[in-house]
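This report is for a reader new to the structure. Please look over the sequence and the model shown here before reading on.

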Amino acid sequence: RQPAKTLWYDRPRYVYLEFCVEDSRDVKVTIEDQRLVFSCKNADGVEFYNEINLYARINSKDSREKRSDRSITCFMRKWKEKVAWPRITKENIKPAWLSVDFDNWRDWEGDEEVERAMVEQYAEV
């Protein structure tokens, strides 16, 4: 069992995590108020497992995940909106498998409409 490469980024209302596993099977995502547990297998049968104690509390009832052919994306509703997270983990350490998703990281100014559209797009699937 090994951790999946994981990207994350912060938005005013949600925190996003993307587990980069192609052709995933047996995907299990448990989103709790202070923790996220992810596991799956890839096409070769390699098992992936990540457990993250979250930086701050989230609303687990308004959090979801979406699987695609290339990754599993989780979007977690922040308990305190419009409060920036300096990191995704509670501990002030950065695991080797965790990186900031700079392609999706941006200034929050006027970003709420974009974020709402992203969440609605994920929710449709």
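## Basis of the model

This is a predicted model, in which local features need pLDDT of at least 70, side-chain atom pairs count only at pLDDT 80 or more, and totals for chains, interfaces and linings use all residues. Residues are numbered from 1 along each chain as its sequence is written, and side-chain values use heavy atoms, with hydrogens and water left out.

Strands are DSSP runs (E, at least two residues), numbered from the N terminus. Strand β7 covers residues 72-78, and because six of its seven residues are buried, the rest of the structure largely encloses it. Buried means under 20% relative accessible area (1.4 Å probe, protein chains only).

Two strands pair if DSSP finds at least two bridges between them. Strand β2 (residues 14-19) runs antiparallel to β7, with six bridges joining them; here V15 stands opposite M76. Strand β6 (residues 58-67) also pairs with β7 in the antiparallel sense, over six bridges. In that pairing K66 faces T73 of β7, and a hairpin of four residues connects β6 to β7.

## Aromatic rings

Rings of Phe, Tyr and Trp (its six-membered ring) pair if their centres lie within 6.5 Å. The count is seven aromatic pairs. Ring pairs link Y9, Y14, Y16 and F75 into a cluster.

A charge sits over a ring if NZ of Lys or CZ of Arg is within 6 Å of the ring centre and within 35 degrees of the ring normal. R1 lies over the face of Y49, 3.9 Å from the ring centre, and R57 lies over the face of W79, at 3.7 Å.

Note on methods:
Buried means under 20% relative accessible area, exposed over 50%, partly exposed in between (1.4 Å probe, protein chains only). Rings of Phe, Tyr and Trp (its six-membered ring) pair if their centres lie within 6.5 Å; planes under 30 degrees apart count as stacked, over 60 as edge-to-face and the rest as tilted.
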